[in-house]
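Have the structure open as you go through the points.

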Amino acid sequence: MKFERLNLNRREVLKAAAAVGVTSSLGLSGCSDAEQAQQVPVLQGAIGKDGRRVPPWSNWSGNQASEPNERLVPRDTDELSAMITKAKQGIRLVGAGHSFSPLVPTNESLMSLAYFNGIGHIDKASKQFEVAANTFLASAGEPLWQAGLSLMNMPDINTQTFGGAIATSTHGTGAGFGSMSTTVTGMSLVNGQGELVHCSAEENSELFQAARNNIGALGAVTSMKMQAQDKYYLQETSWMMDLQEGLEQAEALRDKHRHFELYALPHADYILGITLDAVDEQALTQPLASSGDAYETFKTLSKVVDVVPFMKRFIINTGASTVTKEVRSGRNYEVFGNVRDIRFNEMEYSVPAEYGVKCLAEILDTIRKQNINVIFPMEVRYIKGDDIWLSPFYQRDSCAISCHNFHDKDYKKYFAAIEPIFLKYDGRPHWGKIHTLTAKEQSARYPMFDEFLKVRAAMDPRGLFANAHIKSVLGLS
């Protein structure tokens with residue numbers, strides 16, 4: 001989301017504060033050390049087998065942390081296989097640390113595939129390319145572009161690794177586009193017995209259906225083959241609408257544009273619409289401007305609201321009313337990606353597409369009625385259904401609603417209030433986002449849940465790749 005390109009900068013959002021006598025003299029312009037503190041206790045690190053302290057681990061937002069007693073960094077597939085074969089304790093794989101659920105934390109072995117990096121062979125004829133698992137999404141755009149290709153779609157955070165993104169069905173938006181996992185045409189992974197296994201729709205097809213949303217439970221994915229398309233430019237149009245107007249037009253806008261998403265503002269009477277459509281190079285508008293994290297604006301606004309909470313709705317509406325329509329364009333990978341310097345925690349559920357608007361309206365109404373202390377925008381995106389066993393989009397077109405709060409704000413009351421709404425509309429949680437569901441609830445949402453468990457048992461008979469969270473969501477003993 002690019003609010004800073006829509007004239008909703010810190011000066012604009014503080015206009016409302018000025019109207020009630022709140023100014024920067026209250027220290028609203030920066031983040032204190034206390035606000036940057038992690039939500040989990042500061043960890044010292046466990047003592048490893050060699051008597052040295054092993055660095056602790058925490059995720060990007062700081063809501064997950066652990067003290068592994070060993071860190072493993074294999075340099076190649078042979079070393080990776082040997083490490084897994086010799087393992088006497090559990091192993092969890094770590095990528096960029098952008099999961100908010102406890103997928104990674106372990107007090108046993110933490111493994112990074114940092115050396116498994118880079119874009120491999122690019123086949124221009126089939127428009128497919130090979131990519132190592134620990135390659136960041138942001139690094140794929142330029143080499144593909146030089147080969148005349150581009151990813152079909154991207155999420156708005158491109159600092160994730162391909163391995164992590166595929167493991168959790170990470171997605172962008174667009175009714176005609178599935179998650180990134182749907183563009184995988186082949187995978188290679190080392191299983192719990194140290195064996196290198198390959199899979200595709202034609203080879204080890206059941207493993208392929210499980211591995212494209214594997215939550216790190218099948219082994220260590222080393223590389224993937226991905227389907228791309230001819231390179232293309234995008235034009236992004238962003239504008240603020242009246243809330244009711246936005247809700248009424250959402251499905252029509254979804255069907256009209258290549259990509260469409262909404263940003264709903266809690267306690268406000270406005271909603272932001274963003275469309276992205278392919279354009280010819282000759283139709284490009286002004287060049288893209290580099291910018292910081294748009295959520296910094298809302299961080300500042302949040303501090304204002306903390307001082308005068310009774311003015312919450314007035315302040316947010318005043319800030320939103322300053323937004324003007326903005327159009328920008330460029331290479332697709334430049335338009336998709338956003339800088340994320342301001343940390344947050346997130347819950348995301350995907351509901352059947354036809355329930356998306358109704359579910360969002362009920363969440364906004366609940367926030368307002370319960371006066372929940374949150375101003376962080378909610379992101380609403382549309383995703384095409386797929387056939388991947390543990391994908392939140394399995395056999396249904398979906399609307400994903402993402403709810404956030406700043407990393408130094410308590411998100412638990414907020415998420416506890418809205419999770420029942422998601423469940424009411426048959427929601428499935430994003431595997432990498434905060435949720436409270438266990439195996440009993442998850443199995444009821446995935447028709448192929450038991451089949452995934454059979455593949456997992458065959459791939460990892462020793463249970464090496466299962467931490468406490470994996471055991472909980474999969475029902476493992």
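Which side chain does Asn-63 join in a polar contact?

1. Asn-59: the two side chains come together at 2.7 Å (a polar contact is a pair of N or O atoms within 3.5 Å; within protein, one must be able to donate a hydrogen and the other to accept it, and residues adjacent in sequence count only if both atoms are side-chain atoms). Asn-63's side chain also gets to the backbone oxygen of Phe-100, at 2.9 Å. Asn-63 sits in the loop between β1 (57-58) and β2 (65-66) (helices are DSSP runs of H or I, at least four residues, and strands are runs of E, at least two, numbered from the N terminus). Asn-63 is buried, at 7% relative accessibility (buried is under 20% relative accessible area, exposed over 50%, partly exposed in between, with a 1.4 Å probe and protein chains only).

2. Before going on, a caveat: this is a predicted model, where local features need pLDDT of at least 70 and side-chain atom pairs count only at pLDDT 80 or more, while totals for chains, interfaces and linings use all residues. Numbering runs from 1 along each chain as its sequence is written, and side-chain values use heavy atoms, with hydrogens and water left out.

3. The whole structure has 15 salt bridges (a side-chain nitrogen of Lys or Arg within 4 Å of a carboxyl oxygen of Asp or Glu). Glu-346, Glu-348, Glu-379, Arg-381 and Lys-433 form a network of them.

4. Arg-396 and Asp-426 pair up at 3.0 Å, N to O, linking distant parts of the chain, 30 residues apart. Arg-396 is buried at 11%, whereas Asp-426 is partly exposed at 39%.
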